[in-house]
Structure formats: structure tokens, C-alpha cells
Amino acid sequence: MRNYPLWLTLGILSGFLWGCNNYLYDIGARPLAEGSSAAGILIPLVCTAVNDMSAAVFLLLVNGARGILRSVRTIFHRSGAFLCAAAILGGPLGQLSYCLGILWAGPTYALAISALYPVVGCVLARVLLRQVITVRMGIGIMLAVTGAILTAGTPSDFDAPLLLSGLLCALTAALCWGSEIVLAVRGMADIEPDLAITLRECISGTVLLFMAVIILQGQFVLEEISSRPTTLGLLAAAGIIAGISYFLWYAVNRAIGCARGMALNASYIIWGVLLQWSIGGAAVSGQMILGCGLVFAGVVLVSLYPQKAETI
């Protein structure tokens, strides 16, 4: 497999950047949620719309300057349909389900259940893309998923009003996110990753903004974000970082397979804990350390240099 160490490095970098995105998104959106009378799903949806639209604008500017957008007509081929489906699943549907999972079941359950998305992605990649998933890689994926669940499953006093519905929504998010990357890899058979991720973020950001502002009448939340330069800046910066992270995630999954790509991206769990601890001053429990250790072990198992029989 050509340039395998480079793809491993880029996969870990995508996880690091995703951890940075989550950290910036949290410190940008949290004060808004605490100081606003807007209830329910509006605030996370509007914030996510700003995040994805920032990524879309950044990617449009960068790839427009590079001349990549000249080949945009390729999205009207069959491969473009796969990418559009991936964008809808991963962005609006996945994110809406995830937000509802947090709202109805609480963040602990939502994070833990949605962390199953690599399992979904591996199964679909094996069935639909005929990608090789060895026993070692399967064990690595399970270790990474278990570690993610342990890290996210910290004790919570959240009173879940609709626990079963929330769990189903979190599971839907996992199904959407696991399906997204498989469909995206199928679509990138004829479309380069930089154009693919630009299409993804444009579709996701536009649909999320339409849902939040037009359908749910959340203009006042968008106005409140605009009136807070720090919040707007943090969400925009998070979006730009997310755009780069997603580009690397798409490219790595196409190059070395979904199992390895998703396992490497799962390192965001470790980076997120490190950022919260080193910059945010958050306490780190033994459960979180164990969870990060399992994620690390899973990433190492999946990322071991493939034998010839494993080559994708």
C-alpha cells in the first residue's frame, strides 16, 4: 500500500483536528446555551449550522482559488448522487438525531450510543465496498468503540424525559454517520476528496441552516450568535478546522479503507480529553484514562502495516 505511514499520520491528524473542533465548538456554544432562553434543539442546531456553513465557505474559497471547482460538473454523475446521500445522512439527519438524543436521553447515553458508528461503517464497508476486515482489525475497532463508550460514559445526574426515544435517536445518528463514510468512499471513485468534502459541507450547512432558521424559526438564535463576536469567532474557527478534518477523513478512508480511517479518526476521543485537561483544566477520571487507553490500543491494532493478503 503506497505511502501507508503518511496516510496513518493524516488519519491521526484528522482525529486531532476533530478534537480541536469539538473543544472550540463547546466553549463557543456553551455560554450561549447557558445565557439564552431558547430551549430544546434550536441552539445546538443553529450552532451546528454556523459550524458547517463556516466549513463550506472556507472550502469554497480555498478550492475555488485552486481551481478544483472547475470539475464540479462531475457531481451530476452517479458518484455525485452517492456523495449527496452521504451529505444528507451525515449532516442534517445524523446531527438532528444526535441533538435529539442529547435532549431526550442525556449527553452520556447519546455520546456512548453514537460512538458505535465505526462498527456500522465497518460492516457496511465489508458488504457494500468489499473491503477486507481482518480479525485483528475487527478487534481493534471493538477496542476503540469500547474506549469511546467508557470515555463518554461518565456519571450524569441528567433526568432523561424520553429515554427510549433518545436512545433510538442516538442509534440513528450512529447509523447515519457510519453510512456516510461508506457512501462517500463509493462516490469518491470518480470524484476527488477535496471536491467531495466541499459538496458535503455545502449541502449539510445549507440544509441545517434551513431547518434551524426557516422551519424551526430560530432566527433569534442566529441573531444572538451574531451579537457575540467571541461566540461567532469560535464557531467559525471550529467550522474551518472541521472542514480540514473532514477532508482528511474522506481522503484517508478512500486511501486505506474505512476500518483504518475510522479507527484513526476515533483518536479524537484522546485528543479531546487532552485538550479539556491541558487547556480547559478539566479533571480526568480513571475511567476516562482507561477509555483513552483502549482507543489507543484499538488504533494501534487496526493501523499495523497490512500484510499482502490484507491489501485493499
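Author: Let us begin with charged side chains. A salt bridge is a side-chain nitrogen of Lys or Arg within 4 Å of a carboxyl oxygen of Asp or Glu. Please keep in mind that this is a predicted model.

Reader: What is the general idea, and how far apart are the closest N and O atoms of Glu224 and Arg228?

Author: Side chains of opposite charge can pair when their charged atoms come close. In the salt bridge of Glu224 with Arg228, the closest N and O atoms are 3.2 Å apart. Glu224 counts as buried because its relative accessibility is 19%, and buried means under 20%. Arg228 counts as partly exposed, because its value is 25%.

Reader: How many salt bridges does the count come to, and which residues do shared partners join into one network?

Author: The count comes to six salt bridges. Those that share partners join Asp52, Glu180, Arg200 and Glu201 into one network.

Reader: Are Asp52 and Arg200 buried or exposed?

Author: Asp52 is buried, with a relative accessible area of 8%. Arg200 also counts as buried, at 3% relative accessibility.

Reader: Which parts of the chain does the pair of Glu192 and Arg254 link?

Author: Glu192 forms a salt bridge with Arg254, with 3.3 Å between the closest N and O atoms. Glu192 is in the loop between H7 and H8, while Arg254 is in helix H10, 62 residues apart. Glu192 is partly exposed, with a relative accessible area of 47%, and Arg254 counts as partly exposed at 33% relative accessibility.

Reader: May we turn to aromatic rings? How many aromatic pairs does a search of the whole structure find?

Author: A pair of aromatic rings is described by the distance of the centres and the angle of the planes. The search of the whole structure finds six aromatic pairs. One of them is edge-to-face: Tyr246 and Tyr250 are 6.2 Å apart, centre to centre, with 65 degrees between the planes. Both residues lie in helix H10 (residues 229–256), four residues apart, about one turn of the helix. Trp249 and Tyr250 form a tilted pair, with 6.1 Å from centre to centre and 50 degrees between the planes.

Reader: Which residues do ring pairs link into a cluster, and where does Arg200 lie?

Author: Ring pairs link Trp18, Tyr246, Trp249 and Tyr250 into a cluster. Arg200 lies over the face of Tyr246, at 4.3 Å from the ring centre. Tyr246 and Tyr250 are both buried; for Tyr250 the relative accessibility is 0%. Trp249 counts as buried too, at 6% relative accessibility.

Reader: How many disulfides does the structure hold?

Author: A disulfide is a pair of cysteine sulfur atoms within 2.5 Å. The structure holds zero disulfides. For Cys202, the nearest cysteine sulfur is that of Cys84, 11 Å away. For Cys258, the nearest is that of Cys122, 7.5 Å away. Cys202 counts as partly exposed at 21% relative accessibility, whereas Cys258 is buried at 0%.

Reader: Finally, which residues make the nonpolar surface patch?

Author: Leu164, Leu168, Leu171 and Leu175 make a nonpolar surface patch of about 380 Å². Leu164 lies in helix H7 (residues 163–187) and counts as exposed, because its relative accessibility is 61%.

Conventions: Residues numbered from 1 in each chain as written. Predicted model: local features only at pLDDT ≥ 70, side-chain atom pairs only at ≥ 80, totals over all residues. Heavy atoms only, no water. Patch = residues over 30% accessible without salt bridge, like charges linked within 9 Å, V, L, I, M, F, W, Y side chains within 5 Å. Areas by Shrake-Rupley, 256 points an atom, 1.4 Å probe, with all protein chains shown as cover. Helix = DSSP H or I, 4+ residues; strand = E, 2+ residues; numbered from the N terminus. Buried < 20%, exposed > 50% of the residue type's maximum accessible area, 1.4 Å probe, protein only. Phe/Tyr/Trp six-rings, centres within 6.5 Å; stacked < 30°, edge-to-face > 60°. Lys NZ or Arg CZ within 6 Å of the ring centre and 35° of its normal.
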